Amino acid sequence: MSARGRILARLKARRGKQPAAAESISTAPVLGPDLLDRFCDRVARLGSDVVRVSTLRDAPSAVARYLDAHAIPRRAVCWTELLALPWRESSVTVEARAARADDPVGITGVSAAIAETGTLMLASGPQTPAGVSLLPETHVAIVPSSALLATMEDAWVRLRGQAPMPRAVNFVSGPSRTADVEQTVTLGAHGPRRVLLVVAEH
Amino acid sequence: MQVTSDEFKPKAHEALGNARLQHALGHLQTHFVANRARAFREIDFEAVRDAGAAIRERALADLPRYLEQFEQAAVAAGAEVHWAETADEANRIIADLARRHAVRKIVKSKSMVTEECALNEALERAGLDVVETDLGEYILQLAQEPPSHIIAPVLHKNKEEIARLFAEKHRRPRQEGIAELVAEAREMLRPQFVAADMGVTGANFLIAETGSVMLVTNEGNGRLCTTLPRVHVALAGIEKVVPTLADAATLARLLPRSATGQSISNYISVLTGTRRAGDLDGPEHMHIVLLDNGRSHLLGTPMQPILRCIRCGACMNHCPVYQNVGGHAYGWVYPGPMGAVLTPLYVGLEHAVDLPNASTFCGACVEVCPVKIPLTDLMRELRAQQYERHLRSRAERYALVLWAWLARHPRAYAWAAALLAGVLRWLGGRARTLPGARQWTAGRTLPRSEGRTFRALYRRRRAA
């Protein structure tokens, strides 16, 4: 018998001694009606920058202003779905491809924006490579208000309703961080040093 | 990691005298304990941990079914699932995978189960280059030391020690600031991620519903290890399985708050299988190694609840013993209250005989455990087993035999108590060390008694 066989046999033999297990209860909190305000509040507390714009088409100019303010080159790798926005009008060069270690900026959309904790859900795919939100030092996320959901449970329901599981679902809640040195939180560990959320209200 | 769990007493003694360590351990109270309390004010801790305990028990109650469901779903997504009965087997499987995929460089995300198996040493013996990428583990790798805490592995080191270590090993001018040290580590490690052939991680949870590996992290190194290299290997204990994605969402409320006081950790990655057709990044090969190493033997026994453990570290953060001696004294991967239970169970009670006794049974661990493991009950059960197997000193055994006899003979008990009350009236109230009980009396003043036992006084007052 293989290791697999022996392990499962042992587990099955001991299973009979189990009491009936309780059913799972959801712990998802009930949030108030204003998800957008809660989301933005949480995001700011986590050390990300937030800019609210009217529509998605206003995003490129907000991004350009932010990059200039931080002396970051206006050069980014981005998700395919965002190519249609007016980047050229704001003098931001974007390319839809896999991210490289030397890309200064990565621009993504989101599968969902979770208000409970100020978290972005990013699902990998041919047009949404996982590295775009990971390799560059600056991560910009364009968040339409339609992406807002209350909890992670809601986000799973939405994602599973759309497609089979992607290879990687990443829940991102701010710039990378570590507290390994003297328990002092330092932003900018191995992932992005800064995160900008551009929230489009309409 | 070498097992030195039989050296608890001398190591604890050494730790108490180490001023630098004592200063570092102060962070447990000011950071971990305080931050956890603040984070749990946001939610109903008792209600959420009831749900957490139920989820873990539900998985354990039907473990073979959930493991098979997990395997099926993972394989359908392109992963290969391997089963290892022992640590050696797991190491062999992973070394073979490295050979099969022509791997030379491996980047690792922090994983306690890989420490349990001493995986790094096995891979290095096989000629592989293994780089730890979690900042704390990277520091430990440079210093060639074991971790002292399951969440904050270099809790025992201060900034100056780390600065000195970096200057020496990186051969660069010494940095003083914490931000600069972190930036230097980022710079040194980034090229390693890019050059690596294989990423090795653990798994905070295995999700049966979808065959996914869930990683709860903050630094981004876990994501880099599982995005850039062409092979990903995840090693996980069989007890890590949870039934559904919704269950994982509940545990995501408990784990970060219990561990670091965060409402949510910076990154939660749910990884399912290999690169899909059309994907531009991600591993081409994914291997999940399911490890038994003693876990299946605990199922169906009174010790089963320890398998619920989600490795948050809250128990050790709140433990007065751990707070004073730190993690190295426990002699293995798992310190504090959960280590006092797990280490004897995995390495043998005879090799860790002082660990279940390294507790005052204050119950702080039980109060904070997010999955309600009855840790003090489990330690008591191990103490009972020690007694059955004659593992403790003869003096201790005779003391317990005497105590048991007195407890069954009330008149003799009353006589002995009256004698003791008289002695304490004469001897007590002054600081003195007693021969034969030097450890106990060196730091304590003998209580003074008024000369009579409670029962005698009670009898007298009732008669009056």
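A search of the whole structure finds eight aromatic pairs over all chains. One of them joins W332(B) and Y334(B) in an edge-to-face arrangement, with 5.6 Å between the ring centres and 85 degrees between the planes. Both of these residues, W332(B) and Y334(B), are buried. There is also an aromatic cluster, made up of F8(B), Y322(B) and Y330(B). Before I continue, please keep in mind that this is a predicted model.

Let me turn to charged side chains. How many salt bridges does the structure hold over all chains? The count is 41. I shall discuss several examples.

Is E85(B) buried or exposed? E85(B) counts as buried, because its relative accessibility is 14%, and the cut-off for buried is under 20%. R6(A), at 35% relative accessibility, counts as partly exposed.

My next example lies within chain A. D41(A) and R45(A) form a salt bridge, and their closest N and O atoms are 3.1 Å apart. Why are these two residues separated by about one helical turn? The reason is that D41(A) and R45(A) are four residues apart in helix α2 of chain A, residues 35-45. D41(A) counts as partly exposed, at 38% relative accessibility, and R45(A) counts as exposed, at 57%.

A further salt bridge, with an N to O distance of 2.7 Å, brings together the side chains of E57(B) and R308(B). Here distant parts of the chain are linked, since E57(B) is in helix α3 of chain B and R308(B) is in the loop between α13 and α14 of chain B, 251 residues apart. Both E57(B) and R308(B) are buried. Elsewhere, salt bridges with shared partners join R6(A), R10(A), E85(B) and D292(B) into one network.

Helix α18 of chain B runs over residues 375-388. Its 14 residues, at 1.5 Å a residue, should span 20 Å, and the end C-alpha atoms are 20 Å apart, which agrees. Which residues of α18(B) are buried? They are L375(B), T376(B), L378(B), M379(B), L382(B) and Q386(B). Viewed down the axis of α18(B), these buried residues fall within an arc of 160 degrees, so they line one face of the helix. Their packing partners are α14, α16 and α17 of chain B. Just after α18(B), H390(B) takes a positive phi of about 55 degrees.

Finally, I would like to consider two residues of chain B that are in contact, K108(B) and N221(B).

K108(B) is found in strand β2 of chain B, residues 105-108. It is buried, with a relative accessible area of 1%. Its side chain makes a polar contact of 2.8 Å with the side chain of T114(B), and another polar contact, of 3.0 Å, joins the side chains of K108(B) and N120(B). Leaving aside neighbours within four places in sequence, the contacts of K108(B) include V130(B), V131(B), E132(B), V200(B) and C225(B).

N221(B), for its part, is in helix α11 of chain B, residues 221-225. N221(B) is buried as well, with a relative accessible area of 2%. Which residues is N221(B) in contact with, once its neighbours within four places in sequence are left aside? They are H190(A), K108(B), S109(B), K110(B), T133(B), D134(B) and F193(B). By contrast, N221(B) and Y398(B) are 54 Å apart in space, C-alpha to C-alpha, and 177 residues apart in sequence.

That concludes my presentation, and I thank you for your attention.

Methods
Residues are numbered from 1 along each chain as its sequence is written. Chains are lettered from A and ligands numbered from 1 in the order in which they are written. This is a predicted model: local features need pLDDT of at least 70, side-chain atom pairs count only at pLDDT 80 or more; totals for chains, interfaces and linings use all residues. Side-chain values use heavy atoms; hydrogens and water are left out. A salt bridge is a side-chain nitrogen of Lys or Arg within 4 Å of a carboxyl oxygen of Asp or Glu. Buried means under 20% relative accessible area, exposed over 50%, partly exposed in between (1.4 Å probe, protein chains only). The expected span of a helix is 1.5 Å times one less than its number of residues. The arc is that of the directions from the helix axis to the C-beta atoms. Contact means heavy atoms within 4.5 Å. A polar contact is a pair of N or O atoms within 3.5 Å; within protein, one must be able to donate a hydrogen and the other to accept it, and residues adjacent in sequence count only if both atoms are side-chain atoms. Rings of Phe, Tyr and Trp (its six-membered ring) pair if their centres lie within 6.5 Å; planes under 30 degrees apart count as stacked, over 60 as edge-to-face and the rest as tilted.
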